[in-house]
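Have the coordinates open and follow along.

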Amino acid sequence: AAADRLWELARAAEAGSDAQLQFVGAFAHLAHTGPQLDAVAALLSGELVLEGLEVDAEMRWDLLTSLSAGGLADAGAIAAELERDATSTGQLSAHTARAAMPTPEAKRAAWDAVIGGKLSNLEQRAAITGFNHVHDPALIAGYVEEYFDVAGTVWETKSYEIAQQIVTGLYPAAQTTPETLAKTDAFLHSLGEDSPALRRLVIESRDAVVRALAAQAADA
């Protein structure tokens with residue numbers, strides 16, 4: 001429903017305005033249904049044109065990543081777009097698009113690349129963004145246990161900036177369940193008073209799940 005409303009706002013926005021650009025980008029990020037993804041694909045191909053909207057390299061990557069997360073863009077399409085935009089920004093966007101693909105293999109590859117320390121800081125951030133771009137949170141639900149297994153080691157073995165990005169970015173906030181809170185609390189208990197900075201980051205992430213659960217309860 002949010003994506004549908006954003007699409008309405010995008011089409012009604014002033015041609016060439018910042019609002020139009022922001023509405024289209026937000027719509028692409030939330031596009032989920034068949035008709036929504038069809039609209040994204042039409043924008044990317046040029047079949048659908050919004051007056052004043054510049055579909056530049058950045059917008060093309062946003063649209064392609066949306067299609068990737070929706071299962072409508074494969075590795076070949078991403079490689080083709082990277083050939084079209086063979087810049088450093090294009091390389092980062094390709095990391096996001098590949099990690100957004102809704103397959104266990106793509107999610108595993110992104111996770112291993114981030115945890116394995118093979119990526120630069122910016123590449124890592126891009127991969128984390130794509131990893132978390134899922135239509136069905138169940139696709140990455142299996143990483144909850146793994147997150148708490150590796151968080152301590154990540155904190156001890158990586159630089160502060162890299163470790164902070166992993167601990168915050170891969171925290172299973174999409175799994176808004178009491179089980180996630182229970183696992184978080186167990187991790188915090190095992191951590192004790194050691195690593196206060198790590199403890200603070202996990203507590204802050206935990207608070208987001210608490211608020212989400214409260215909102216869901218209120219809606220129900």
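A residue counts as buried under 20% relative accessible area, exposed over 50% and partly exposed in between, with a 1.4 Å probe and protein chains only. This is a predicted model, in which local features need pLDDT of at least 70, side-chain atom pairs count only at pLDDT 80 or more, and totals for chains, interfaces and linings use all residues. Residues are numbered from 1 along each chain as its sequence is written, and side-chain values use heavy atoms, with hydrogens and water left out.

Q: Is Gln 165 buried or exposed?
A: Gln 165 sits in helix α10 (residues 160–169), where helices are DSSP runs of H or I with at least four residues, numbered from the N terminus. Its relative accessibility is 14%, so Gln 165 counts as buried.

Q: Leaving aside neighbours within four places in sequence, which residues is Gln 165 in contact with?
A: Contact means heavy atoms within 4.5 Å. With neighbours within four places in sequence set aside, the partners of Gln 165 are Asn 121, Gln 124, Arg 125, Ile 128 and Leu 170.

Q: How far apart are the C-alpha atoms of Gly 52 and Gly 16?
A: Gly 52 lies in the loop between α3 (34–45) and α4 (57–69), and at 48% relative accessibility it counts as partly exposed. Beyond its neighbours within four places in sequence, Gly 52 contacts Ala 15, Gly 16 and Gln 20. Gly 52 and Gly 16 are 36 residues apart along the chain, yet their C-alpha atoms are separated by 3.9 Å.

Q: Which helices do the buried residues of α11 pack against?
A: Those buried residues are Thr 180, Leu 181, Thr 184, Phe 187, Leu 188 and Leu 191. The buried residues pack against α9 (143–157) and α12 (196–219).

Q: At roughly what angle do the axes of α1 and α2 cross?
A: Axes are lines fitted to C-alpha atoms, for helices over the stretch in contact, with angles from 0 to 180 degrees between N-to-C directions. The axes of α1 (residues 2–12) and α2 (residues 18–30) come within 8 Å and cross at roughly 155 degrees.

Terms used
Helix = DSSP H or I, 4+ residues; strand = E, 2+ residues; numbered from the N terminus.
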